[in-house]
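Grab your viewer and try the exercises below. Each one has a task, then a solution in steps.

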Amino acid sequence: MQNTVAKVAVAGSGIAGAVCAATLARNGISVTLFESARGPGGRMSQRREISEDGRELLFDHGAPYFTVANPDVLSVVAEWESRGLVAEWKSNFGSFDCSTNKFVNTEHHKLERETKKYVGMPGMNSICKALCHESGVESIFNVRIGKFEWLEHENLWSVMGLGGQHLGDFKGVVASDKNIASPRFTAVTGQPPPLDLSLAPELAQLQNIPVHPCFALMLAFNDPLSSVHAKELSFTNSKVLSRAFCESNKPGRSSTSERWVLHSTTEYAEDVIAQSGLVKPSKETLSKVGNEMLQEFLGTGLSIPQPFFMKAHRWGSAFPAASIAKVEKCVWNEKKKLAICGDFCVSPNVEGAILSGLAAASKFKNLASSL
């Protein structure tokens, strides 16, 4: 796949890896990006489904939108906006109490309504897609990395696929997957984690990063949910649902059908995983989850009709519950030119991931002459 020594390998095409790769390329550092999925985005990927009657349905089922407060990220997002990659989503927000079946209003909810929300155009994955195809970034999809091997005498990283195939030798490595050195990788794949914890003392903190699992339910309706006056909802006093988002209300989206994404509570997802394990959930499990989440939505008393399409998806470990590098914003080993970045380093959201990707890129920029 790669005969010559490239400069930096980036593992993962989520927003942290994509931002890092594009930033490095813009600064003259060639990058090869590896992604196990068939397309970029990670939790910002867009799900494409076809209904029984042949209609195309698109869902931002992981990250429905993002907000920004940091000045460095604001400048990055402003550039994306100028390129047409993002737009503001002027949603009307509401909070629904499932114990009283009424909408409630608090100061916190007022703040949520006033916060500027951004979405990718025409899907959340559009940002990562553009970054992964910038000049200087070679992106390779459908390849899961099985091992990063440090070649001490050559001062290089040898990267191998899950099947043992050699993917190339690199002067530096960026990993944007928190499971890269975690036993969770073994629980899912049956293989040891790609990155050996003994390679660098900094890696120890990656071993067991706590996560919040979540189930997403994608729904499509023939008619607008006229009784739901908010297009973005948070739920209180529900053991099953945490939030709901109207996909078809976002800018640049098709409105031929009304599409919603529901997110479960962490507790509900943990209960399901405790019964079914971390392996890929069965169709039966996903069907049961989908029905339970739908029934909770229908039980709000909001006169919601039956959807013509529904499908559940599990995010087993996508939402980190801790931040391991709030000051440095990434985990860095200068001797081995190894950076770990992601939302689990700074804050568990898109903004945190962007900040971490920028921080990892800056570490390599400072060493550009030795790459």
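**Exercise 1: the sheet**

Work out the strand order of the open sheet.

Step 1. The 7 strands line up as E7-E6-E14-E15-E16-E13-E17, with mixed pairing; strands are DSSP runs (E, at least two residues) numbered from the N terminus, and two of them pair if DSSP finds at least two bridges between them.
Step 2. At the edges sit strand E7 (102-104) and strand E17 (309-320), each pairing on one side only.
Step 3. From one strand to the next, the twist averages 25 degrees.

A quick note on the source: this is a predicted model, where local features need pLDDT of at least 70, side-chain atom pairs count only at pLDDT 80 or more, and totals for chains, interfaces and linings use all residues. Residues are numbered from 1 along each chain as its sequence is written, and side-chain values use heavy atoms, with hydrogens and water left out.

**Exercise 2: a pair within the sheet**

In which sense do E13 and E17 pair, and over how many bridges?

Step 1. Strand E13 (residues 211-221) runs antiparallel to E17, over 9 bridges.
Step 2. For a landmark, find Ala-220 facing Phe-309 of E17.

Note on methods: Helices (H or I, at least four residues) and strands (E, at least two) are DSSP runs, numbered from the N terminus. Axes are lines fitted to C-alpha atoms, for helices over the stretch in contact, and angles run from 0 to 180 degrees between N-to-C directions.
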